[in-house]
Amino acid sequence: MIKRTQYLLLLLLSVTFLSANAQLVQNIFGRKHLSLNGRWNYIIDPYEMGYYDYRHEPFDQSKSGKGGFYDDRKQVNKSELIEYNFDLSPTLKVPGDWNSQVEKLELYEGTIWLRNKFQANPQAGKKYILYFGAVNYEAHVYLNGKKLGTHKGGFTPFQFEVSDKLKQGENFVVVKVDNTRKQDEIPTVNTDWWNYGGITRDVLLAELPGNYIQDYKIQLARSNAKQIEGFVKLSEASAEQSVEVSIPEAGLKTTVKTDASGVAKVSIPVKKLSLWSPENPKLYEVLISSATDKVAEKIGFRTIETRGQDILLNGKSIFLRGISMHDENPLIPGRLRGQGDMRMMLQWAKELNCNYVRLAHYPHNEEMNRLADEMGLLVWAEVPVYWTISWENQDTYNNAQQQLTDLIERDKNRAAVIIWSIGNETPLSEPRFKFMSKLADKVRELDNTRLVGAALEVHRKGYDVIVDDPLGEKLDLVSFNQYGGWYWELPKELPKYKFKIKYNKPVIITEVGGDALAGYHGDEDTRWTEEFQESLYKYQIPFMNTMSGLRGMTPWILTDFRSPRRQHPFFQDFWNRKGLISETGKKKKAFWVLKEFYDQTEAKYK
């Protein structure tokens with residue numbers, strides 16, 4: 001007989017296996033699918049009684065695997081004791097965070113269970129994928145009372161194949177969502193944004209052929225606008241399967257064969273393509289087909305590289321006129337709800353005359369990057385390796401690497417994305433250097449056609465602002481945050497300072513700025529006024545321009561955003577007020593200072 005400890009160990013190993021993500025389906029929204037968005041019933045469970053028994057052992061690791069809320073039990077006789085009922089429970093919108101939908105959940109951190117019923121008609125020979133765009137933070141997913149697996153990470157997609165688990169007719173999916181902050185997670189306990197819990201992005205059930213096109217990358221080769229390179233991967237690993245890739249508008253077509261792993265390498269010589277840029281956001285329809293499947297995708301083609309202190313887009317030096325932004329609508333509480341919200345945010349960036357946005361401090365919605373492709377905005381994409389991470393914990397590193405991998409896998413066909421960022425403001429130490437260096441190496445392993453960045457550490461000595469973070473050796477850019485005029489010194493004192501930068505690389509200021517309460521006015525020496533913020537930008541712009549290598553910036557931030565760290569009851573009231581646009585959509589005075597600089601800079605780089 002297996003002893004109890006051995007039994008639990010075997011169960012733990014099986015759960016670890018379940019946690020392993022099946023490889024994401026590229027462009028899953030372009031495949032036949034059933035949306036599971038809508039109203040989901042929810043149960044608040046701060047003691048996690050729906051997951052643990054009274055001895056605090058998980059129900060789904062017991063011999064029966066039953067007993068938790070995921071069973072969604074119904075009373076069949078009047079003597080049964082059942083202490084929950086999804087049918088009588090209230091509902092939340094999915095996708096959506098719970099903090100903004102229910103007043104008593106505004107600051108809630110912990111477990112909430114969500115359940116949705118749906119009709120399915122599974123067909124023989126088809127594959128079915130249950131896909132989640134993002135769940136913050138730890139998700140345990142159950143279908144028809146059986147556990148599919150777990151996922152950690154609040155901003156990256158994950159999926160499960162459920163072909164043999166679907167029923168004809170009614171099915172139900174239950175998700176245990178826990179947004180508790182923990183030291184060893186990514187991000188860690190300390191951040192400067194709202195910890196929105198819930199199923200925050202789309203949920204769908206995709207129907208695919210038995211052998212489907214699982215993944216592909218179709219992009220210009222590194223530094224070569226005359227060659228398209230990439231691959232197509234089929235879900236079934238077998239050699240000599242034919243795959244056709246065509247771009248009808250460009251008159252390009254090739255047929256390639258898969259290898260034993262089901263991967264076909266693609267290489268297409270190019271005579272003439274209209275290259276993607278902010279001024280010309282040209283997208284081509286790319287068609288990929290196999291014997292059993294086909295998929296269409298809008299893809300832009302461009303090159304990005306550095307040379308000395310220049311950033312070259314399609315071989316031409318460019319200045320990145322940018323702004324940072326969070327995945328949050330300032331006008332309506334909560335995460336961005338859909339394309340309308342995202343388009344509004346990007347349009348505000350365009351009104352600032354930006355050609356570039358920093359999507360901080362975590363992977364934003366896939367739709368945001370697709371809109372950036374369409375609207376002509378270059379993108380800095382980032383993972384939440386933020387501030388003080390558990391640098392020596394291997395599981396923490398594995399988590400960071402997985403989130404980075406999922407981000408790159410998801411968005412590798414987006415022309416707009418030019419920089420993969422591995423973190424923000426991480427403090428200097430040898431363990432941190434090793435951790436971050438491995439992430440930089442991982443980026444280059446996964447994608448050698450884009451730049452690697454991170455917001456480096458900066459320090460001051462006298463009137464010198466010094467950038468010599470050793471991580472700079474591993475990056476393509478000297479990218480760093482500097483808050484002169486707000487967290488150190490007053491704006492009018494900035495001309496006394498000078499930058500000392502160790503690396504001969506393009507410089508990107510990833511954050512700069514200060515707070516202002518919209519509508520609060522005074523002189524330029526009165527903190528929190530629009531005039532103080534305006535003055536800060538007026539002094540910062542010439543200060544930053546003293547750097548010969550300055551090739552871009554993303555001031556902090558496009559709009560005011562919510563943060564529990566920001567406690568002042570009048571000026572902040574749980575808002576970070578560094579936005580150039582207020583929570584009512586009002587453009588502050590500093591907005592126009594930055595816009596004028598961007599207008600002048602655009603003219604210089606034409």
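How many aromatic pairs does a search of the whole structure find?

## Aromatic pairs

In this predicted model, a search of the whole structure finds 36 aromatic pairs. In one of them, the rings of Phe319 and Phe597 have centres 6.2 Å apart and planes at 80 degrees, so the pair is edge-to-face. Because Phe319 lies in the loop between strand 22 (316–317) and strand 23, while Phe597 belongs to helix 7, the pair ties together parts that are 278 residues apart in sequence. Phe319 is buried, with a relative accessible area of 4%, and Phe597, at 8% relative accessibility, also counts as buried.

The rings of Trp556 and Phe561 likewise form an edge-to-face pair, with their centres 5.8 Å apart and their planes at 85 degrees. Trp556 counts as buried at 4% relative accessibility, as does Phe561 at 1%. One aromatic cluster is formed by Phe69, Tyr70, Tyr84, Phe86, Trp113 and Tyr142.

## Confidence

The pLDDT of the chain averages 95, and 96% of the residues score at least 70. Over residues 1–20, however, pLDDT stays under 50, and for this stretch the model has 16 contacts beyond four places in sequence.

## Nonpolar cores

The largest nonpolar core has 94 residues, and those with the most contacts inside it are Val385 and Ile422. A second, separate core has 31 residues, among them Leu148, Phe158, Val175 and Val177.

## Helix 2

Helix 2 covers residues 339–351, and at 1.5 Å a residue its 13 residues should span 18 Å, which agrees with the 18 Å between its end C-alpha atoms. Within helix 2, Asp341, Met342, Met345, Leu346, Trp348 and Ala349 are buried.

The buried residues of helix 2 pack against strand 23 (320–325), strand 24 (356–359), helix 3 (366–375) and helix 7 (589–604). Helix 2 is followed by Asn353, whose phi is positive, near 70 degrees.

## The loop at Thr388

Thr388 is placed in the loop between strand 25 (378–382) and helix 4 (394–411), and at 48% relative accessibility Thr388 counts as partly exposed. Apart from its neighbours within four places in sequence, Thr388 is in contact with Gln183, Thr188 and Pro427. The C-alpha atoms of Thr388 and Glu161, which are 227 residues apart along the chain, are separated by 36 Å.

Conventions:
Residues numbered from 1 in each chain as written. Predicted model: local features only at pLDDT ≥ 70, side-chain atom pairs only at ≥ 80, totals over all residues. Heavy atoms only, no water. pLDDT = per-residue confidence, 0-100. Contact = heavy atoms within 4.5 Å. Helix = DSSP H or I, 4+ residues; strand = E, 2+ residues; numbered from the N terminus. Buried < 20%, exposed > 50% of the residue type's maximum accessible area, 1.4 Å probe, protein only. Core = buried A, V, L, I, M, F, W, Y, C linked by side-chain atoms within 4.5 Å. Expected span 1.5 Å × (residues − 1). Phe/Tyr/Trp six-rings, centres within 6.5 Å; stacked < 30°, edge-to-face > 60°.
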